[in-house]
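Reader: Hey, I'm new to this one. Can you walk me through it?

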Amino acid sequence: MKTVKELSTEEKLRLICGKGRWHTEDFGGKLPNVMVADGPMGLRMERYTEDGKREAIPAVAYPAIQLLANTWSTECAQQMGKCLAEDCLERGVDILLAPGVNIKRDPLNGRNFEYFSEDPYLAGTMAENYIDGLQSHGVGVCLKHFCANNSEYDRLHQTSDVDERTLREIYYVPFEIACKAKPVSVMCSYNRVNGTYAAEYKKGFDALRGDFGFDGAIFSDWDAVRDRTASAKAGLDIEMPFNEKNYEKLVADYRAGKLSDEELDACAERVLHLVARCKEMRKGKTVSSTEKERRREAKRIASEGIVLLKNEGVLPLAKGQSVFVCGSFAKASPGQLRGGGSACVRWVKEKFDLPEELSARGFAVDYEKAFLINDTGAWQNARTAVLKAGRSDVNVVCVGTGDGIEYEDGDRKTLRLPAVQERAILDTAAQNPNTVVVLFAGSAIDVSAWVDRVKAVVYAGFTGEGGDEAIADILAGITVPSGKLSETFPRSLQDVPAANTYKRAGVTRYQDGLDVGYRYYDTYGVPVAFPFGHGLSYASFAYSGLRAVRKGDTVTVTFEIENTSKTAGKEVAQVYVRECAPLVYRPFKELKGYAKAAIGAGEKKTVRIELPMRAFAHWSAASDAWEVTEGDYEILVGSSSADIRLRAKITLTEQQL
Ligand code: BGC
C-alpha cells in the first residue's frame with residue numbers, strides 16, 4: 001500500500017474525489033480501492049443485462065431499520081449486521097452505506113423507516129451493534145447522515161437551525177455511541193447545519209474526530225458537495241460520486257493556494273488508510289451462512305420487532321377459527337412493504353402471502369384484495385368484503401403505506417392512512433367486533449380515526465420478505481410478540497412539537513430543543529396514542545426488587561422480572577433517569593439503559609444494567625462540557641415509557657466527569 005508521500009499532488013487531488021458512483025480511485029489498478037453499496041436493509045446493487053439495460057440485483061430483504069429498532073435486541077442488530085456482511089462478501093462490496101442514525105424528530109420525515117429511533121441512546125446502541133456485526137465479519141460501514149438531517153423537505157438547501165446543547169444531547173449522541181464500534185467511515189448529510197453545508201461542517205467533523213474518537217474517513221452524501229475545496233478544508237475526505245466540474249475547480253483552487261498541502265494530505269492519507277483498513281478487515285473472512293439461512297434470520301428479526309399495540313382478547317387466534325383477510329397489503333408487492341429511494345431492495349423472494357401462511361397454520365382463510373394503497377384505487381368489492389368480514393370469526397384488515405408514501409427526498413403529507421384504508425377498517429369493523437388491524441408502515445401513523453373500533457392492532461412495519469410468515473406466527477400464537485415501539489405514536493400531527501416549529505424559506509428552526517418524542521409528551525403531559533417503549537405480549541411480567549448502587553463512576557441497577565403467565569415470552573425492560581431538582585432545563589426523564597430478556601413461564605430473571613456517570617449528565621452551555629449536577633436522581637424502570645413499574649432514588653455527591 002502506498003503512503004501519501006509516494007503520491008503526486010495530482011494523484012492526491014484525484015484520490016479525494018471518488019471514481020464513478022461506487023468506487024474510490026485506483027489509478028487504473030495501481031492502488032487498491034474500495035467498492036461501496038447501499039443499503040441498510042438489504043444490498044442494493046445494479047448490473048447490466050445482455051441487452052445493455054440496468055437492473056437491480058435481487059437480494060435478501062431484511063426488515064427496515066425502524067423494525068430492527070423495535071426489537072430492542074442488540075443481538076438482532078448484531079445478527080442483521082452479520083447477515084448483511086455476508087451478502088456483501090458474496091458480491092465483493094467493501095463498505096455498506098449504512099446505518100442511518102438520524103433522530104426521528106418529525107414523524108413525517110420520509111426516511112424515518114431507515115432510521116432507528118426518536119431516542120438517541122436506543123438509536124446509538126442498536127447502531128453500534130449493527131456496525132459491530134458488519135465489521136467483525138469483514139465489511140466496513142458508512143455511518144450516516146451527519147448531521148441534523150431530520151426531514152427530507154428541501155433537503156439540498158434547508159438549514160437545520162439547532163443549538164449546541166440540543167446537538168450534543170440529541171442529534172450527535174447516536175453518532176457518538178455508534179463511534180464506539182469504530183466505523184470505518186461516516187457520510188455527511190445534504191442539509192446545512194446552522195447555515196453551513198454539512199459537507200463543510202468543520203465544527204461537527206472536529207467533534208466526530210476529537211470528541212467521539214472517530215478515526216475513519218468522511219464521505220460526502222451523493223452530490224452533496226458544493227465546493228470541494230471548502231469541504232476538503234473542513235475535513236471531508238471523499239466526494240461521491242466523481243464530479244468533473246468540482247474536481248477541476250479543486251485543482252484550480254489548489255494551484256491558487258486556496259488549499260494547503262497539509263489539508264490535502266490529511267484527506268488523502270485518510271482515504272489510503274480507509275482502503276488499507278477495509279482490505280485488512282476482510283482478510284480471512286469467509287461466508288459461513290447460506291442465503292436461505294439469512295432469509296430465515298430476516299424472518300426471525302421481523303418476528304422480534306413486530307409490535308402488538310393493542311389486544312382486547314382477540315389474539316392469538318383460537319385454533320381452527322375462520323379468518324377473513326382484507327386488503328392488498330396481505331398479498332403485498334415488495335413496494336408496499338418498504339420505503340423508496342436508496343434503501344430500496346429488489347427481493348429474492350417472489351411472493352408475500354399472509355392468507356396462505358395463515359391457512360398453512362390451520363385456519364379457514366378467505367381473502368379479498370378490497371382496496372389498493374391510496375384513494376385513486378377505490379374501496380373495491382366493498383359489499384363482498386363487508387359481508388365476508390361479518391361472516392368470519394375474525395376479520396384481519398391489512399393496511400399501510402409503502403414506497404409511494406414513504407420515500408427519500410420527500411416527507412409524508414399526513415400522519416393518517418389514505419382515506420380508503422380508514423374506510424375499509426371502519427366498514428368491516430362495523431360488521432365484526434373481532435377486528436384486527438395489521439399495519440405495514442415505516443413510521444408512526446395517526447390511528448385516531450379507527451383504533452377504538454377494533455380489538456387488536458399489530459404494527460408490522462416494513463417487514464422485509466419474511467413478514468408474511470412472521471405475522472402469521474404472531475397471529476397464531478406460535479411466536480409471542482416482543483417488539484416495542486422505538487418511536488411514539490402521537491394522537492395527531494398537531495401534538496408533534498416539530499410540526500409546530502418554524503419551517504420556512506429554507507430554515508427549519510429546532511425550537512423544540514431537547515423536547516423530541518417522549519421527552520416532550522412526558523414533560524408536558526401530552527397524551528399519546530401509543531407511547532415510546534410500548535408493546536404487548538401474550539405473556540405477563542411482574543417487576544420487583546430494584547436496587548441502584550453507585551461504585552466509582554458507575555451506578556449498577558438490578559431488578560427482577562417474573563413471567564407470571566403460562567406462556568414463555570420476552571420482555572424489554574427500560575431504565576430511565578430523571579434528575580429531581582435540576583439547575584437547567586431537563587426533559588422529565590430519559591432512556592439510559594434497556595435489556596431484552598427471554599423468560600420462561602413462571603420463571604424469574606435478574607436484570608443488571610450499568611449506568612456510567614454520563615447517564616446523569618447534561619451538556620452545559622455555561623462550560624461547553626458534560627456535567628453532572630450534585631443532587632438526587634430517580635431511576636425509573638418500566639415496561640414502557642408510560643408504564644413505570646419500579647423507582648429508586650440515588651444521590652450523586654461528587655462531580656464525576
Ligand atoms: C442517500 C444516501 C445513499 C446515497 C447513495 C443518497 O441520495 O442520501 O443515503 O447512501 O444516495 O445511493
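Reader: What volume does the largest pocket have?

Author: The largest pocket comes to about 440 Å³. Here a pocket is found on a 1 Å grid over the protein atoms alone: an open set of points where a 1.4 Å probe fits, with protein on both sides within 12 Å along at least five of seven lines. Its volume is the space filled by probe spheres set on the points, which are joined across faces, edges and corners. Keep in mind that this is a predicted model, where local features need pLDDT of at least 70 and side-chain atom pairs count only at pLDDT 80 or more, while totals for chains, interfaces and linings use all residues. Residues are numbered from 1 along each chain as its sequence is written, and side-chain values use heavy atoms, with hydrogens and water left out.

Reader: Why roll a probe at all?

Author: Because a probe the size of a water molecule, rolled over the atoms, shows where empty space is left.

Reader: OK, how many residues line the largest pocket, and which lie nearest its centre?

Author: There are 20 in the lining, and Tyr121, Val173, Ile177, Arg614 and Ala615 lie nearest the centre. A lining residue has an atom within 4 Å of a grid point. By type, the lining has 9 nonpolar, 1 polar and 10 charged residues. Ala, Val, Leu, Ile, Met, Phe, Trp, Tyr, Cys and Pro count as nonpolar, Asp, Glu, Lys and Arg as charged, and the others, Gly among them, as polar.

Reader: Which element gives the largest share of that lining?

Author: H4, with 4 residues. Helix H4 (120–135), helix H6 (173–178) and strand E24 (590–599) each supply at least two. Helices (H or I, at least four residues) and strands (E, at least two) are DSSP runs, numbered from the N terminus.

Reader: And which domains does the lining draw on?

Author: Domain 1 (1–33 + 140–151 + 174–281) and domain 3 (541–656) each give at least three residues. Domain bounds come from an automatic or database domain assignment, which also lists domain 2 (291–530).

Reader: Where are the cis peptide bonds?

Author: One joins Asp38 and Gly39, with omega about 5 degrees. Another joins Phe146 and Cys147, at about -5 degrees.
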